Amino acid sequence: MHDKQVRRRRAVLILLVAVSLILLTAYFGETPTSPLHSVQRGVVEVLSPVEQGASTVLAPVRDGAGWISDTLHAKSQVKTLRAQVQNLTSQLAQAKGAQLQNGQLSHLVHLDNSIGVSAFHPVTAQVIVRDPTLWYQTVTVDKGSDDGVHLNDPVIADKGLVGEISEVSPTASVVSLITDHTVSVTARVTDVNADTGELVPAVGSPNQLLLQYLQPPNPSQIQNGPQAGQLVVTAGFRSGAGDSYYPANIPIGFVAQFKEDQLFNDGQIQVTPAADLRRFDVVQILTAPHPGLERAQVP
Amino acid sequence: MTEVKDKVKLPLRLILLAFVAVLVQESAVSQISIFGVSADITPLVVMSVGLLCGSMTGAVFGFGTGLLIDLVLVQTLGVTSLLYIVIGYWAGRLRELRDPSHELVPLAAGAVAAAFAGLGMALIQFLLGVDAPVSLLLLQQIFVVVLVDTLLALPVHALVRRIIRPVLPEDPRRRRRRAYTTGGLSPLQQGAARRGLTSRTAR
């Protein structure tokens, strides 16, 4: 009797492990249109209204805990933010001047209506599911293809770019955050040289990004190159076939402290995301990221 | 008919428990940041079910919960199931072999379960080819998650026990132990009582 029980227990364990390994292997080698992915999309579609309801019901609990956490977090950030405000105020003064000049020049080439976010048909969505692991870095939002959301649409939160749409169902979508290993963005540092590179997550450091393939600045004009605290924005073009198209000048983050050797030897610097990727509840999906692809022509 | 009903009650409660645990985890708990990380109650729920129901139920519950998580979060199917099978089975075997009765056992088991889930996930991701250097920050985050989960282990275990205990079949070993501790079935005491002797404490 005991032997039979032991044999049964072992058989169940082996069966479960085998099923898991088969699922893992099958899923890993599949394309996004294959049956297992379709089943997953179906489950997301069925469960998204339930998750939406649960998210609403549990909102007070979340807000209460968030308030305590935010208060503690805010205290530790005061010093850094004061320094950042000082830095940004001087940058703002420069930007205002540049904006005036840019407005005049844009009028000349009839580009004045394509800069604001409203031109990209933003759809506001609520975060209903958040992945707790450090590995996948995805969130699920309550808007899907019924609201005009498409695969690879850029997603922004209050302070800047947070990710792109990686799965769409009619009523919900999955957003892969910019710290997810599947996402890369062509980005530009707002320095004198306007250094452009490919922004990828530093996967071992879950809250950091890495701006790669930068052209090292001329050693005699190092002040024109990237400096800590400078804003990093989307470049507005794709550098590889795998990249998504993001509109230009959406803030992504700030250049973190880096060693000059890192820039000169590896052509890379670290970037801290502008948006707090674990604390946003509402996002905007840019459903028309390239509203006018017509070429600007100087009259 | 009543017997069939009783047999179905436990699986039904476990299915409901898995569903609610995943829903609460993804809709609320994972959106609350504590020391920069989010707690993960699902390995704790699997561990508790293993401790209360045994290895086979623990493993099956772990598989189901893991699969549900992978489906809801659109992750690689099978990864979380694989980890949670081990957690459920291990917790069940702990109960079957050692039958630990100390109140702090769920705390220690919760810490082990959370550590296994965090490190196991990292290991599987590396094996699947995610290009990631092992940084101190990653290990630090896993450590903080384990710490937060350890603090939550006791209340989660108490809640799970409250939900499934009414439908658990009576374990003969526990019944015997309970009888011994209350002095009901001890052959020594029964013998002494027959011979008309009183215990030392009574004197």
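This is a predicted model: local features need pLDDT of at least 70, side-chain atom pairs count only at pLDDT 80 or more; totals for chains, interfaces and linings use all residues.
**Entry 1: counting elements**

I started with the secondary structure. Chain B comes to 8 helices and 0 strands, and from the N terminus on I read its elements as α-α-α-α-α-α-α-α. Chain A has 4 helices and 12 strands.

Next I looked up burial. In chain A, 32% of the 299 residues are buried. In chain B, 43% of the 203 residues count as buried.

I also checked how far apart in sequence the contacting residues lie. I took contacts between residues at least 6 apart, and in chain A 61% of them join residues at least 24 apart. For chain B that share comes to 74%.

**Entry 2: where the chains touch**

How many residues of chain B are in contact with chain A? I found 43 residues of chain B in contact with 45 residues of chain A. Helices 1, 3, 4, 5 and 6 of chain B each supply at least two residues of the side that touches chain A. Helix 3 of chain B gives the largest share, 7 residues. By class, the residues on this side of chain B divide into 26 nonpolar, 14 polar and 3 charged.

**Entry 3: two helices crossing in chain B**

I then went to a helix pair. Two packed helices are described by the angle between their axes and the distance between the axes. For helix 2 (residues 42-53) and helix 4 (residues 79-98) of chain B, the axes come within 7 Å and cross at roughly 35°. Is the crossing of helix 2 and helix 4 of chain B left-handed or right-handed? I noted it as right-handed.

Among the residues that meet here are B:Val46, B:Val49, B:Gly50 and B:Cys53 from helix 2 of chain B, and B:Tyr84, B:Ile87, B:Gly88 and B:Ala91 from helix 4 of chain B. The contact has 12 nonpolar, 3 polar and 1 charged residues. 

**Entry 4: helix 6 of chain B**

Where does helix 6 of chain B bend? I found a bend of about 40° at B:Ala153, with a proline, B:Pro155, following within four residues. B:Ala153 is also one of the buried residues of this helix. Others on that list include B:Val145, B:Val146, B:Asp149, B:Thr150 and B:His157.

Most residues other than glycine have a negative phi. With that in mind I looked up two residues in loops of chain A.

- A:Asn152 has a positive phi, near 75°. I found A:Asn152 in the loop between strand 2 (138-141) and strand 3 (154-157) of chain A. A:Asn152 has 14 other C-beta atoms within 10 Å, so it is partly exposed.
- A:Tyr213 has a positive phi too, near 60°. A:Tyr213 sits in the loop between strand 8 (209-212) and strand 9 (231-234) of chain A. With 15 other C-beta atoms within 10 Å, A:Tyr213 is partly exposed.

Is A:Ser173 buried or exposed? I counted it as buried, because 29 other C-beta atoms lie within 10 Å and the cut-off is 20 or more. A:Ser173 is in strand 5 (residues 173-177) of chain A. A:Ser173 and A:Thr140 are 33 residues apart in sequence, yet 5.6 Å apart in space, C-alpha to C-alpha. Leaving aside neighbours within four places, the contacts of A:Ser173 include A:Val141, A:Val149, A:Ile165 and A:Glu167.

Not counting residues up to four places away, A:Arg41 touches A:Glu167 and A:Ser169. A:Arg41 and A:Glu167 are 126 residues apart along the chain, but their C-alpha atoms are separated by 7.8 Å. A:Arg41 has 20 C-beta neighbours inside 10 Å, so it counts as buried.

Last, I checked A:His181, in the loop between strand 5 and strand 6 (185-189) of chain A. A:His181 is partly exposed, with 18 other C-beta atoms within 10 Å. Its C-alpha atom is 7.3 Å from that of A:Val200, 19 residues apart along the chain.

Terms used. Residues are numbered from 1 along each chain as its sequence is written. Chains are lettered from A and ligands numbered from 1 in the order in which they are written. Axes are lines fitted to C-alpha atoms, for helices over the stretch in contact, and angles run from 0 to 180 degrees between N-to-C directions. A crossing is left-handed if the near helix is turned anticlockwise from the far one by less than a right angle, and right-handed if clockwise. Two residues are in contact if their C-beta atoms, placed from the backbone, lie within 7 Å. Ala, Val, Leu, Ile, Met, Phe, Trp, Tyr, Cys and Pro count as nonpolar, Asp, Glu, Lys and Arg as charged, and the others, Gly among them, as polar. A residue is buried if 20 or more other C-beta atoms lie within 10 Å of its own, exposed if 12 or fewer, and partly exposed in between; C-beta atoms are placed from the backbone. The bend at a residue is the angle between axes fitted to the seven residues ending there and the seven starting there.
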